[in-house]
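Here is my note on the model, as numbered points. Please read it with the coordinates open.

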Amino acid sequence: MRIFKGIAASEGLAKGKALVHHHASMAAEKQHILSDGVAGELEKFRTALASAKRLLEEHNTTDIAKDSREILETHMLMLEDPEYIQQIEDYIRTNLVCSQWAVDSVTSNMVNLLEATGDELLRERAVDFRDVSLHLIDAIKGKGERRMEHLDEDVVLIADILMPSEIFSMDKTHILGISLDGGGRASHVAILVRAFNIPTVLATNGASKTVTDGEEVIVDGIYGEVFIRPDHTVSQMLDERFNLWQEHEVELHKMVELPTTTTDGHSMLLKANIQTTSEMEAAKACGASGIGLFRSEFLFMESLENPSEERQFAVYRQVLEAMAPKPVTIRTIDIGGDKMVSGLGIDEKNPILGWRAVRFCLSRKDIFTVQLRALLRASVYGKLQIMFPMISGVEELNAVLHLLEHVKDECRRESIPFDPDVKVGTMIEVPSAALCADILAKKVDFFSIGTNDLIQYTIAVDRGNEKIAYLYQPFHPGVLRSIRMIIQMAHQNQIPVSLCGEMASDPLCSVLLAGMGLDELSMGSQSLLQVRKILRSVSYEEAKSLADHVLGMDSYLTITTYIREWMHDRFDHFTTI
């Protein structure tokens, strides 16, 4: 028996015979052509475009989930992107190469740019471009789809990687579960397997190399484990685990319509973090009290050119109308660092400490004012809150507030309606901002603590550096004391404070954060019901007592151990995994 630990991407357990799939890379032919062959290669490319679009349209049926349809539509938009098409055609003309070579080269350049950012979501966008290019290369070669569409029996698919298109086209009625060597929870593959309710484990690091077709395997999408050739004892244990998980899920779904109120009556708001409009349905389905963080930069990352004012306005309006009357907090462009956008001239040796977020916006007012106009125009369609990222001190905050007032004056002169009372807040994610929280609080309507950056800047640890990953500790006393100080400064100035970093979605952190006095937590929708269940199971006095006790400790190791044991004594194993 072999056991592989990975990432639980889609919950459930699957047991059956293995079907092993190793993804053969589609090698593009690389041939030079004469100038009189350009027209023929352009025609091959355009015919392939039409063929690839038809294949996507075949999958876009009325009975597929909204998230799945939006992935298909994303691929369709890529195939219709005029800049992508133009670059490929220009590559054929300029370099006198065949259409396959041009598709592969142009796409590879885009993929390399996206993968170099180190951002998980952008790496998955790179997968989408690669998937689309393989469609095109298939079509140019005159080959059929890369698919596993006809299966005669139920199987558990064990693969190195899968493209989103392969999941659409595979015979899902016979796919009991999936194990992939790579991938991440934010990938389109992960979104699709959840949409199709296929138990899946990602990032198993080589499980596909240790199994052959027909061998018995178990995929545990709850704990993120894959068992190759399991023995009888393990099979019995997993059956018991599955029954417990089903009971846990039933309990969670009871939380959807309930408020987040502790046993002694203290209320908190739980909101959702989103980066695309496709995530709004999930936010509403879990009973979110609003959107606590809409990452607007993904509008810029998903396109080869900056989104226009009209495009931004349409998206912001869509989100506000969908969530009304609940509030929606939209963070202004937070690019740079590990979130790169091509064509904006951001190329730095130390981007995490460089020209990013509000620093970029104040330098590129042409881009920033367009976004502010779109936000103000959308504000009449719901309850908008505007939030500025990476504010380091009062000078930057004054500058962005002044620019916002200037854009408001423009709108008034042009008779453009907007909400004059739209709330404005700032993220606190830089130590200097934390130390000046009392000053900043006098100028804004709310704070939101961004713990992802606050942790790395406080401890001076690059969260993307594997060599020092062990130092990235949310329970570091310096981090916890900073959070408590920010909360105290906000409340002394009568403004609410939220927390929207990954700590908010970690069940182990939930009681501690509530006890520290936060007014709101904002997290991925998939975590919200779990956190609500926890907070409804404890008293606020218990939470404050836990926070007071932990904040007196001197080591993140001691704090982590204490909190894990405290939670384990009160909640089931699925809460403390």
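**Notes on the predicted model**

1. Confidence by element. pLDDT is the predictor's confidence in each residue, from 0 to 100. Helices (H or I, at least four residues) and strands (E, at least two) are DSSP runs, numbered from the N terminus. The protein averages a pLDDT of 86, and 88% of the residues score at least 70.

2. Ground rules. This is a predicted model, in which local features need pLDDT of at least 70 and side-chain atom pairs count only at pLDDT 80 or more, while totals for chains, interfaces and linings use all residues. Residues are numbered from 1 along each chain as its sequence is written, and side-chain values use heavy atoms, with hydrogens and water left out.

3. A stretch to treat with care. Over residues 337-343 pLDDT stays under 50. The model has 21 contacts beyond four places in sequence for residues 337-343. Contact means heavy atoms within 4.5 Å. Where pLDDT is low, the predicted coordinates should not be read in detail.

4. Overall make-up. The protein has 22 helices and 17 strands. Of its 577 residues, 56% count as buried. Buried means under 20% relative accessible area, exposed over 50%, and partly exposed in between (1.4 Å probe, protein chains only). Among contacts between residues at least 6 apart in sequence, 67% join residues at least 24 apart.

5. Two strands pair if DSSP finds at least two bridges between them.

6. Strand 1 and strand 8 (residues 225-228) run antiparallel and are joined by four bridges. Phenylalanine 4 has valine 226 in strand 8 as its bridge partner.

7. Strands 4 and 5. Strand 4 (residues 155-159) pairs with strand 5 in the parallel sense, over five bridges. Isoleucine 158 stands opposite serine 179 in strand 5. Strand 5 (residues 175-180) is largely enclosed by the rest of the structure, because five of its six residues are buried.

8. The largest nonpolar core has 107 residues, of which Phe388, Phe447 and Leu521 touch the most other members. Apart from it lies another core, of 52 residues, including Ile71, Val103, Val106 and Val132. A nonpolar core is a set of buried Ala, Val, Leu, Ile, Met, Phe, Trp, Tyr and Cys residues joined through side-chain atoms within 4.5 Å. Not counting residues up to four places away in sequence, leucine 521 touches Met268, Leu269, Leu270, Lys271, Ser498, Leu499, Ala504, Leu513 and Val531.

9. Covered helices. In helix 4 (residues 99-115), 13 of the 17 residues are buried. Helix 20 (residues 525-535) is mostly covered too, with ten of its eleven residues buried. Among the buried residues of helix 20 are Gln530, Arg532 and Lys533.

10. Alanine 547. This residue is found in helix 21 (residues 540-550). Alanine 547 counts as buried, at 1% relative accessibility. Methionine 516 is 31 residues from alanine 547 in sequence, yet the two are 5.8 Å apart, C-alpha to C-alpha.

11. Backbone points to check. Most residues other than glycine have a negative phi, and most peptide bonds are trans. The peptide bond from alanine 324 to proline 325 is cis, with omega near 5°. Methionine 390 has a positive phi of about 60° and is buried at 1% relative accessibility. Glutamine 494 also has a positive phi, of about 55°, but is exposed at 67% relative accessibility.
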